[in-house]
Amino acid sequence: MVADVTRMGEWSPVCTACWWDEGDGPHVGAKFTGHNERPERTWETRSEVVTADRGRQFAWVVVEPPTGARWAYSFAAVDGGTEVTETWELPPEGSAFFESMFADDAAKQIGIRSDGAKNGIEATLTAIKGAAEA
């Protein structure tokens with residue numbers, strides 16, 4: 001389910017739609033575009049799949065804008081099902097990108113994005129669980 005990024009708009013409180021670029025699909029090196037909406041702004045990102053290990057992990061890195069933000073879903077078998085863990089990380093090059101874009105306001109902008117990403121994880125996982133159990 002998670003590797004089908006075209007479904008992310010069903011689950012995420014921010015990402016309202018995703019599509020594979022150039023007819024790609026869920027494999028390492030594939031790229032996709034995500035359309036995101038918050039009350040104060042709308043934007044798109046382009047990401048590249050960096051891990052596509054079925055049943056273990058699916059992950060991508062945001063390449064445009066070049067933040068390097070990494071989203072990952074990891075899967076572990078548990079009694080009666082699968083435990084799904086979602087993570088978000090902003091590497092040092094991502095912080096540098098925000099510093100170049102926002103100068104003295106970079107820390108605030110990074111904080112807003114970090115809080116938004118981390119706060120959205122619970123909602124996304126709850127929605128994925130609901131879809132998987134339907």
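Helices (H or I, at least four residues) and strands (E, at least two) are DSSP runs, numbered from the N terminus. The model is a predicted one, in which local features need pLDDT of at least 70 and side-chain atom pairs count only at pLDDT 80 or more, while totals for chains, interfaces and linings use all residues. Residues are numbered from 1 along each chain as its sequence is written, and side-chain values use heavy atoms, with hydrogens and water left out.

**First selection: Arg56**

Select Arg56, which is placed in the loop between β3 and β4. Arg56 has a relative accessible area of 59% and is therefore exposed (buried means under 20% relative accessible area, exposed over 50%, partly exposed in between, with a 1.4 Å probe and protein chains only). Beyond its neighbours within four places in sequence, Arg56 is in contact with Tyr73, Ser74 and Phe75, contact meaning heavy atoms within 4.5 Å.

Next, display the open sheet of six strands, ordered β1-β2-β3-β4-β5-β6 with antiparallel pairing; two strands pair if DSSP finds at least two bridges between them. At the edges lie β1 (15-20) and β6 (81-89), each pairing on one side only. From one strand to the next, the twist averages 25°. Axes here are lines fitted to C-alpha atoms, for helices over the stretch in contact, and angles run from 0 to 180 degrees between N-to-C directions.

Zoom in on β3 (residues 41-53) and β4 (residues 57-64), antiparallel strands joined by seven bridges. Asp53 stands opposite Gln57 in β4.

Finally, select α2 (residues 92-102) and α3 (residues 106-133), whose axes come within 8 Å and cross at roughly 125°. The two helices are therefore oblique to each other (angles under 35 degrees count as roughly parallel, over 145 as roughly antiparallel, 65 to 115 as roughly perpendicular and the rest as oblique). Show side chains where Ser95, Phe98, Glu99 and Phe102 in α2 meet Ala106, Gln109, Ile110 and Arg113 in α3.
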